[in-house]
Amino acid sequence: MRFLVDLHTHTVASDHAYSTVNDYVLQADKIGISMFATTDHGPDVEDAPHPWHFGNLRVIPHIVDNIAILRGVEANIRADGSLDLEDRYLQRLDIVLAGFHPSLAPIDAETHTKLAIKVIESGKVDIFTHLGNPQYPLDYRKVLECAKANNVAIEINSSSGINTRMGSHDNCVTVAKLCKEIGNTVSLGSDAHVCYFLGNFKEAEKVIEEAELSYLDVINTSPVKVLDFLESRGHAPIKSLRNFFTPF
């Protein structure tokens, strides 16, 4: 596989998803994924897990049957530019994604842009998800320049336009082209809501190819690149994963 890491998945902890963490482990082993992040929705989504779910993710081993697991969240952006999960929970996680979801009623491009910039500048978010959603228009250049300055990765979401957020493709290509120009770190997420979609980056690859974005700019090609990125963001090294992927 070209991409060994999937950084955006959902489990049965979110009622509109259908697979357990172990289902994902079995599927990862089957298809050649070395690492995935479990990133269920933050509490503001109607069927999201309780905040305690995220506080207790530390009970999930970082390595199960030779598959690496990152413990994370896809937080929701609120109307005041805050996230819907308290800092005490965010600080326990390996990875924090955030994006706009229906828990926030769409407003206008100027407001969405200000909210996105506030979230990026907060230092709490590692990856900004599915920017191409046409329901939440943004000034992409301003947001991507802010993300570059704050070392926040930009996601190309492989479910957008396929399973959800219809009409995203052209926006995603625009975002990818700007990422190439500005030099953003790029992340891929299947946004799988069932384990059988894990590692499905077909739509993301279409976007990458159309934007002529280099695969070298995508961190999902290597678990070590992902760990390097997270440590560059200030996360403590995950010793078990470092030893697993770089034993010498």
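Analyst: Before any residue is named, a word on terms: buried means under 20% relative accessible area, exposed over 50%, and partly exposed in between, with a 1.4 Å probe and protein chains only. This is a predicted model, in which local features need pLDDT of at least 70 and side-chain atom pairs count only at pLDDT 80 or more, while totals for chains, interfaces and linings use all residues. Residues are numbered from 1 along each chain as its sequence is written, and side-chain values use heavy atoms, with hydrogens and water left out.

User: OK, T129 then. Buried or exposed?
Analyst: T129 is buried, with a relative accessible area of 1%, and is found in the loop between β6 (127–128) and α5 (140–149). Helices here are DSSP runs of H or I with at least four residues, and strands are runs of E with at least two, numbered from the N terminus.

User: What is T129 in contact with, leaving aside its neighbours in sequence?
Analyst: With contact taken as heavy atoms within 4.5 Å, and with neighbours within four places in sequence left aside, T129 is in contact with H8, E74, L97, A98, G99 and E155. As for N151, T129 is 22 residues apart from it in sequence and 14 Å apart in space, C-alpha to C-alpha.

User: Which strands does β4 pair with?
Analyst: Two strands count as paired if DSSP finds at least two bridges between them. β2 and β4 pair in the parallel sense over seven bridges, with A68 in β4 as the bridge partner of M35. Five bridges join β4 to strand β5 (residues 95–99), also in a parallel run, and there N76 stands opposite G99. Strand β3 (residues 63–64) is joined to β4 by two bridges and runs antiparallel, with I67 as the bridge partner of V64.

User: And the turn in that β3 and β4 hairpin?
Analyst: The hairpin has two residues between the strands, and D65 takes a positive phi near 50° there.

User: What about the largest nonpolar core?
Analyst: A nonpolar core is a set of buried Ala, Val, Leu, Ile, Met, Phe, Trp, Tyr and Cys residues joined through side-chain atoms within 4.5 Å. The largest one has 62 residues, and those with the most contacts inside it are F100, L131 and I156. Helix α6 (residues 169–182) gives the most to this core, with seven residues. Apart from it lies another core of 17 residues, among them A68, L70, I127 and I219.

User: Which residues does V175 touch?
Analyst: V175 has its place in helix α6, is buried at 3% relative accessible area, and touches L131, Y140, L144 and I154, not counting residues up to four places away in sequence.

User: Last topic: how is the lining of the largest pocket made up by class?
Analyst: Its lining has four nonpolar, ten polar and five charged residues, where Ala, Val, Leu, Ile, Met, Phe, Trp, Tyr, Cys and Pro count as nonpolar, Asp, Glu, Lys and Arg as charged, and the others, Gly among them, as polar. A pocket is an open set of points on a 1 Å grid over the protein atoms alone, where a 1.4 Å probe fits, with protein on both sides within 12 Å along at least five of seven lines, and lining residues have an atom within 4 Å of a point. The largest pocket is lined by 19 residues, of which H41, H101, P102, T164 and R165 lie nearest its centre.
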